[in-house]
Amino acid sequence: MGRRNTWVLLTYVTVLMIEVESSLHRVGGGKYNWNPDVNFSDWANNQRFYAGDWLFFGFDRTRHNILQVNKSSYEQCIDDDFIFNVTRGGRDVFQLVQPKPYYFICGRGYCVKGMKLAVNVLPQLPPSIPTVPIIPASTANTLIIDLNAFTAIAITILTAFNSKALYFD
């Protein structure tokens, strides 16, 4: 395995180990709550949204839709010139990719009945860094053995990739 391929594999393994967690938010708090009976401002104010999180919209697609809009269109319930039509099949998801405010409305006259949602997306929290505990001398040998086992497993995986001639070119 070449130096470049080893670097790519180690980077991939590292990314898998530091996976950033995202959450799925059921808009309105239930399975099918994209409807005029929900106070979406109250719901959103009780949530924390981070970059990478997902919104799940459950609704009757024959009556409602979901449009991502700008702030002005959100405030005035204007469904022309939307940014993105999230509507697909009535059980739709939208990923909050960037830390910024997002605005959604239901067209077809329902926005003025309260079917609109504003969420403020925060930057993704950094992965928590584990604290290093003070290790008694009696357990130091066990930790060295565990570290050696981890090293052996990592070498075995790298050797297996090398012997299979797996390249990432």
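Asn-65 lies in the loop between E3 and strand E4 (67-69); strands (E, at least two residues) and helices (H or I, at least four) are DSSP runs, numbered from the N terminus. The model is predicted: local features need pLDDT of at least 70, side-chain atom pairs count only at pLDDT 80 or more, and totals for chains, interfaces and linings use all residues. Residues are numbered from 1 along each chain as its sequence is written, and side-chain values use heavy atoms, without hydrogens and water.

Asn-65 is buried, with a relative accessible area of 10% (buried: under 20%, 1.4 Å probe, protein chains only). Its side chain reaches the backbone nitrogen of Gly-107 at 2.6 Å. Contacts of Asn-65 (heavy atoms within 4.5 Å) include Trp-34, Phe-59, Thr-87 and Ile-105.

The largest nonpolar core holds 23 residues. Such a core is a set of buried Ala, Val, Leu, Ile, Met, Phe, Trp, Tyr and Cys residues joined through side-chain atoms within 4.5 Å. Trp-34, Phe-57, Phe-104, Leu-117 and Val-119 touch the most other members. Two or more residues each come from helix H2 (40-45) and strands E3 (54-58), E7 (101-105) and E8 (116-122). Apart from this core lies another, of six residues, among them Val-69, Tyr-74, Ile-105 and Cys-111.

An open sheet of three strands has the order E1-E3-E6, with mixed pairing. Pairing requires at least two DSSP bridges between two strands. Strands E1 (24-26) and E6 (91-95) form the edges. E1 and E3 pair in the parallel sense over three bridges. His-25 stands opposite Leu-55 in E3.

Terms used. Buried < 20%, exposed > 50% of the residue type's maximum accessible area, 1.4 Å probe, protein only. Polar contact = N/O pair within 3.5 Å; in protein donor to acceptor, adjacent residues only side chain to side chain. Lists of a residue's contacts leave out its neighbours within four places in sequence.
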